[in-house]
Amino acid sequence: MGHADRRVPLQNYCTGLLLPGERKSVEPLAARLAPENVRRMHQSLHHLVADAPWSDEDLLREVRQAVLPAIQKKGSIVCWVVDDTGFPKKGSHSVGVSRQYCGQVGKQENCRVAVSLSVATWTASLPIAWRLYLPEIWANDPKRRKQAGIPENIQFETKPQIALGQIRQALEQEITPGIVVADAGYGVDSRFRRGLSELDLEYVVGVQSSATVWEPGKEPLPAKPYQGTGRPPRLLRRDKNHQPLAVKQVAMSLPAEAWTIVNWRPGTRQKLRSRFAAVRIRPAHRDYWQAAPHAEEWLLMEWPKTEEEPTKYWFSNLPADTRLQDLVAIAKQRWIIERDYEELKQELGLGHYEGRGWRGFHHHATLCIAAYGFLVAERSRFSPSAHVGHLGLSAPQLPPEFHPRGSRPPRAA
């Protein structure tokens, strides 16, 4: 925390986040923690979260180093989950607020959005990076930047650019890499996918039904033959008889036997299952500006029996011998971040911070993640499948003269 005087406020803030209560902004936290002296506690907590210049990255690193070994005892790291979450917000003065798509309400809304990177096993996950998405109207407004305390090094970046930066930092910190999974908001960005490939990372990322690909076994036409004058042609070609298709067209053209029912994890009542198909294709995005076609990769498609057409699509650079069941399991593992956000928002008050500044928004989120990390680590000790007596806990020995109430004393020989 950078200063010894911040240790107790840190403990108090995280304790307040873990306590029951509908609202977990600073004032309600202070009232629960110190009902006899709310003002003093409020000042202490407010200074910690809104003013104190401690490093979010340093604290998240400490959380990660404490939590990841605990969850890895139950299983190895499977994937890195890229996602973002929105916070509806009225007014226009809170940092990052603008009218944009908000996943929480499922439409355009006045809100702010943060991008996160999480590390996940099959059963647990932990956010390890968190940053507010700063719209251009904020990034290019000096007055707003000054009022919100936005650092000078923070400039406009798209969400995929922010996510790539978080991934690069995670690699620099030597975190065990996993398969990167993300929804179509990131997967449709070819630069994002290319950036992952350049980092030698595998991915399974969502794409929209309109994404274009070459049918299995096809690729763009080679460059025009050299005529002997000028610079030799290099760019790939298309013509009216040789065009790529939308992934939806590819899915609709597959025969019925190409679709297989796959179970991917237990649900609340029964195993989750649906129909899937996967084919090897080459993406076609702007390949007419290239001298070589895009690398071949997987197109994974989901078409539930109850739907009239396929509903979801993914691109993946996993090896060509990857089983369909494994592709589906990795693609669907993105659900785990939904559980994280649900608990962070509903139980720990992730979206309850009422301040307007950059520092406070990130400090509050970091402390919420720290509290959540504590819960994740504790759960890893008390797995539902753990056998009684094998939880790794220690308890003092009972004194030899102790006898439970109601039991008979031992008879003399």
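Helices and strands are runs assigned by DSSP and numbered from the N terminus, a helix having at least four residues and a strand at least two. The model described here is predicted.

Is G228 buried, exposed or partly exposed? Its relative accessibility is 49%, so G228 counts as partly exposed; the exposed class begins over 50%. G228 can also be set against A66, which is 162 residues away along the chain. The C-alpha atoms of these two residues are separated by 66 Å.

The next stop is the largest pocket. The space in the largest pocket comes to about 660 Å³. Which elements give two or more residues to its lining? They are helix 4 (56–72), strand 4 (125–132), helix 7 (159–172) and helix 13 (358–381). Helix 7 gives the most, with 6 residues. In total, 29 residues line the largest pocket, and those nearest its centre are D56, E57, W130, R131 and H362. By type, the lining has 12 polar, 10 nonpolar and 7 charged residues.

The loop between helix 7 and strand 5 (179–182) holds E174. The phi angle of E174 is near 60°, a positive value in a residue other than glycine. E174 has a relative accessible area of 70%, and it is therefore exposed, since the exposed class covers values over 50%.

D200 is located in the loop between helix 9 (190–198) and strand 6 (203–207). For D200, too, phi is positive and near 60°, and D200 is a residue other than glycine. Where does D200 fall on the scale of accessibility? With a relative accessible area of 71%, D200 is exposed.

L235, Y288 and W289 make a nonpolar surface patch of about 340 Å². One of these residues, Y288, belongs to the loop between strand 10 (271–283) and strand 11 (297–302). Why does Y288 count as partly exposed? The reason is its relative accessibility of 35%, because the partly exposed class lies between the buried limit of 20% and the exposed limit of 50%.

How values were computed:
Residues numbered from 1 in each chain as written. Predicted model: local features only at pLDDT ≥ 70, side-chain atom pairs only at ≥ 80, totals over all residues. Heavy atoms only, no water. Patch = residues over 30% accessible without salt bridge, like charges linked within 9 Å, V, L, I, M, F, W, Y side chains within 5 Å. Areas by Shrake-Rupley, 256 points an atom, 1.4 Å probe, with all protein chains shown as cover. Salt bridge = Lys/Arg side-chain N within 4 Å of Asp/Glu carboxyl O. Buried < 20%, exposed > 50% of the residue type's maximum accessible area, 1.4 Å probe, protein only. 1 Å grid on protein atoms, 1.4 Å probe; cavity = no way out; pocket = protein on both sides within 12 Å on 5 of 7 lines; lining within 4 Å. Points joined across faces, edges and corners; volume = space filled by probe spheres on them. Nonpolar A, V, L, I, M, F, W, Y, C, P; charged D, E, K, R; others polar.
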